[in-house]
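Keep the viewer open and follow along as we go.

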Amino acid sequence: QVQLVESGGGLVQPGGSLRLSCAASGTINVMGWYRQAAEKRELVAWITSGGRTTYADSVKGRFTISRDNAKNTMYLQMNSLKPEDTAVYYCNGAASDALGGRNSYWGQGTQVTVSS
């Protein structure tokens, strides 16, 4: 079965940077990052196996999603972090089903806290 393992979260001051990683075992086609705060889950960014990327307006220009298909690993580089970026960030991947759907796979989540 597919397993996703996240790392890279932590505490950072406003304006700082973090890089999240998501290492996958098994074959994943589409991968993305969600974040959840105050019971609201938002799709932050996603990337196809061909490298096409999409970003939420709230992070566009500040976050960069990438993947290394050879390593089966996805990254989220987060720059110019704001307090409103504080959330639990979840990696998600899907082999053939829709990203975030019931047949997709979730990482364990990693806490990102942006505070002075």
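## Overall fold

The protein has zero helices and 11 strands, where helices (H or I, at least four residues) and strands (E, at least two) are DSSP runs numbered from the N terminus. Read from the N terminus on, the elements go β-β-β-β-β-β-β-β-β-β-β. This is a predicted model, in which local features need pLDDT of at least 70 and side-chain atom pairs count only at pLDDT 80 or more, while totals for chains, interfaces and linings use all residues. Residues are numbered from 1 along each chain as its sequence is written, and side-chain values use heavy atoms, with hydrogens and water left out.

The C-alpha atoms fill a box of roughly 40 × 25 × 25 Å along the principal axes. The radius of gyration is 13 Å, which agrees with the value near 13 Å for a compact globule of 116 residues; it is taken over C-alpha atoms, and the globule rule is 2.2 Å times the number of residues to the power 0.38. Of the 116 residues, 41% are buried, that is, under 20% relative accessible area, with exposed meaning over 50% and partly exposed in between (1.4 Å probe, protein chains only). Among contacts (heavy atoms within 4.5 Å) with a separation of 6 or more, 55% are between residues 24 or more positions apart.

Strand β1 (residues 3-7) has Leu 4 and Glu 6 on its covered face, and Gln 3, Val 5 and Ser 7 on the uncovered one.

β1 runs antiparallel to strand β3 (residues 18-25), and five bridges join them; two strands pair if DSSP finds at least two bridges between them.

## The disulfide

How many disulfides does a search of the whole structure find? It finds one, using the criterion of a pair of cysteine sulfur atoms within 2.5 Å. The bond joins Cys 22 to Cys 91, with an S to S distance of 1.9 Å. The pair links distant parts of the chain, 69 residues apart, with Cys 22 in strand β3 and Cys 91 in strand β9 (residues 87-94).

The angle about the S-S bond is -70°, and the link of Cys 22 and Cys 91 is left-handed. Both cysteines are buried.

## The nonpolar core

A nonpolar core here is a set of buried Ala, Val, Leu, Ile, Met, Phe, Trp, Tyr and Cys residues joined through side-chain atoms within 4.5 Å. The largest one has 26 residues, and those with the most contacts inside it are Met 31, Trp 33, Leu 76, Met 78 and Tyr 89. Two or more residues each come from β3, β4 (30-37), β5 (40-47), β7 (63-68), β8 (73-78), β9 and β11. The largest share, four residues, belongs to β3.

Leaving out residues up to four places away in sequence, Tyr 89 touches a group that includes Glu 6, Leu 20, Trp 33, Leu 76, Met 78 and Val 112. Val 112 lies in strand β11 (residues 110-114) and counts as buried because its relative accessibility is 0%.

## Loops worth a look

Asn 72 sits in the loop between β7 and β8, yet counts as buried because its relative accessibility is 17%. A polar atom of the Asn 72 side chain lies 2.5 Å from the backbone oxygen of Gly 26. Beyond neighbours within four places in sequence, Asn 72 is in contact with Cys 22, Ala 23, Ala 24, Ser 25, Gly 26 and Ile 28.

Which backbone angle stands out at Glu 39? Glu 39 has a positive phi of about 65° although it is not a glycine. Glu 39 is in the loop between β4 and β5 and, at 79% relative accessibility, counts as exposed. Ser 80, in the loop between β8 and β9, likewise has a positive phi, of about 50°, without being a glycine; at 41% relative accessibility, Ser 80 counts as partly exposed.

How values were computed: A polar contact is a pair of N or O atoms within 3.5 Å; within protein, one must be able to donate a hydrogen and the other to accept it, and residues adjacent in sequence count only if both atoms are side-chain atoms.
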